[in-house]
Amino acid sequence: MDNVFLIRLAQFILSISLLVLLHEGGHFFFAKLFKVRVTRFYIFFNPKFHLFSTYDTWFRRLFKKEPVVVPEKTKKDKDGNEYKEKEYVGTEYGIGWLPLGGYCAISGMIDETNQQLSEEPKPYEFRTKPAWQRLLIMIGGVLVNFLLALFIYSMVLYHWGESYIQTKDMTMGMKFNADAQKLGFKDGDILLGTEKGTFTLFGTDLYRDLSEATRVDIMREGKEMSLTLPGELNLLDMIKKQPPFVAPLVPAEIDSVLPGTPAAKLGMDKDDKILALNGKPIDSWNDFTLAISKLNDIVTAKATKTDSIKCRTIKLVFQHHATGAVDTVTTMLDNDLRLGVIQKGIWQMYEPTEVKYGFFESFPAGIRYGINVLRGYVDDLKYVFSSEGAKSLGGFGTIGSLFPPVWDWMMFWRMTAFLSIILAFMNILPIPALDGGHVLFLLYEMITGRKPSERFLIYAEYIGIFILIILMIVANLNDILRWLGYM
């Protein structure tokens, strides 16, 4: 188990723990506010056993609350013998062993805890409270997650500010694939904006704007001009195709050479430039990466070791920065098809734009940033219902891989805020077993004045749980197939 896996796992567990704690804390807060009894509050699920648990006796004593009542209930064992069981009516706090979420068990509520509601309703139960109070209890988790994301984004901007390279400053332009070139783009064009607005930085928002735009403004050979776009490009295809629709053009110049690698043995050095690979000209790292990707596909398809060695043997042309001399050599890539060079990136080529925020300035900026992230996520959700979109679903492995391979607090908090927004949005979807399902039935009750039957709610809960289990299986199965190399 390597360090990268452990670092990503630690970040994932810490982030999810924080989000689950605060999400369930939102339900807990409103439940306590409206004097609804909460029997259990757990981070992670605890089927059969838990890692830790405690009762709130200490809390009640500290704040001089009413004494804990432990009435005895008569029950029968498997042999029919009666016995007395004490029931604690306070709250049990605990940590489960299954990190798939958490729960706040609220008395008198039909949920995944599957509690029995056959007894007469009690004044401290969820089902006896007015609909508006039950609505606030149900949206409490989503509300906390959404506000948490905005707060984290604001604090990230306050502490670290923003650092990015504007697309207009990428003076070497962009590299376009065949689909983009059919629309009129040429390698070296600089993207400026669309009718939707000016581009700021290169990322998903830029792709999204291009997919929806009917006009794009570019700089070509020092002159501004516009191209016509169809307005309905498939965003998923644009990003997933190799090479992608557009990427910053990065010259194939070497930043550094790793010792003991094929590149080191060839005498390659910093600032040397790769000119050709297997007879094909290379004018950028975009070209080099694509060529290696094609080689990898060929190697994967070959059955014998001899075939693999033949594919890994390449003819390379490169130019020495120090002397200007050009070498043409034959070498063999390592088993992972690596030459052993570190590429120069756009951060080394261009001066970044730095933006700093004061404490009070950070809040409106963080709110704008968070709302933009949510808008983009919701807009992209339509692709989930396509075959390629379904294949793009990812489970815990995909989420964990989004965290950086080294511990980076800025990236950790950005990812936590992003996951918080996703958690808020997914939970408010009108699916039974999610908060949004409960909200849907409560809105129906508030509008019509009629409460759905408990039988209906129980069956709806089962259906919702089934849907969620299927989605979880599909997402995590995709992770496994990617790991095995089938996707």
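A crossing of two helices is called left-handed if the near helix is turned anticlockwise from the far one by less than a right angle, and right-handed if clockwise. By that rule, helices α1 and α14 cross in a right-handed way. Helices (H or I, at least four residues) and strands (E, at least two) are DSSP runs, numbered from the N terminus.

Please keep in mind that this is a predicted model, in which local features need pLDDT of at least 70, side-chain atom pairs count only at pLDDT 80 or more, and totals for chains, interfaces and linings use all residues. Residues are numbered from 1 along each chain as its sequence is written, and side-chain values use heavy atoms, with hydrogens and water left out.

Two packed helices are described by the angle between their axes and the distance between the axes. Here the axes are lines fitted to C-alpha atoms, for helices over the stretch in contact, and angles run from 0 to 180 degrees between N-to-C directions.

| Pair | Angle | Axis distance |
|---|---|---|
| α11 and α14 | roughly 55 degrees | within 10 Å |
| α3 and α14 | about 160 degrees | 8 Å |

Angles under 35 degrees count as roughly parallel, over 145 as roughly antiparallel, 65 to 115 as roughly perpendicular and the rest as oblique. Helix α3 is therefore roughly antiparallel to α14, and the crossing of this pair is left-handed. Its contact residues comprise 18 nonpolar, four polar and one charged. For these classes, Ala, Val, Leu, Ile, Met, Phe, Trp, Tyr, Cys and Pro count as nonpolar, Asp, Glu, Lys and Arg as charged, and the others, Gly among them, as polar.

Contact means heavy atoms within 4.5 Å. On the α1 side, the contact residues include Leu14, Ile16 and His23, and on the α14 side they include Trp409, Phe412 and Asn427. This contact is made of nine nonpolar and six polar residues, with no charged ones.

Helix α11 (residues 359-380) crosses α14 at roughly 55 degrees, which makes this pair oblique. The crossing is right-handed. Among the residues that meet are Tyr369, Gly370 and Tyr377 in α11, and Arg414, Phe418 and Met426 in α14.

**The cavity**

On a 1 Å grid over the protein atoms alone, a cavity is a set of points where a 1.4 Å probe fits but cannot get out, and its lining residues have an atom within 4 Å of a point. Grid points are joined across faces, edges and corners, and a volume is the space filled by probe spheres set on the points.

The structure holds one cavity of 30 Å³ or more, and the volume of the largest cavity is about 270 Å³. Its lining has 20 residues, with Ile110, Phe126, Arg134, His438 and Leu457 nearest the centre. Helices α3 (131-160), α15 (435-448) and α16 (454-484) each supply at least two lining residues, and α15 gives the most, with five. By class, the lining has eleven nonpolar, three polar and six charged residues.

**Two backbone details**

Most residues other than glycine have a negative phi, and most peptide bonds are trans. Lys35 is not a glycine, yet has a positive phi of about 60 degrees; Lys35 is in the loop between α1 and β1 (38-45). Gln242 and Pro243 are joined by a cis peptide bond, with omega about 0 degrees, and Pro243 lies in the loop between α6 (235-240) and β13 (246-248).

Methods
On a 1 Å grid over the protein atoms alone, a cavity is a set of points where a 1.4 Å probe fits but cannot get out, and a pocket is an open set with protein on both sides within 12 Å along at least five of seven lines; lining residues have an atom within 4 Å of a point.
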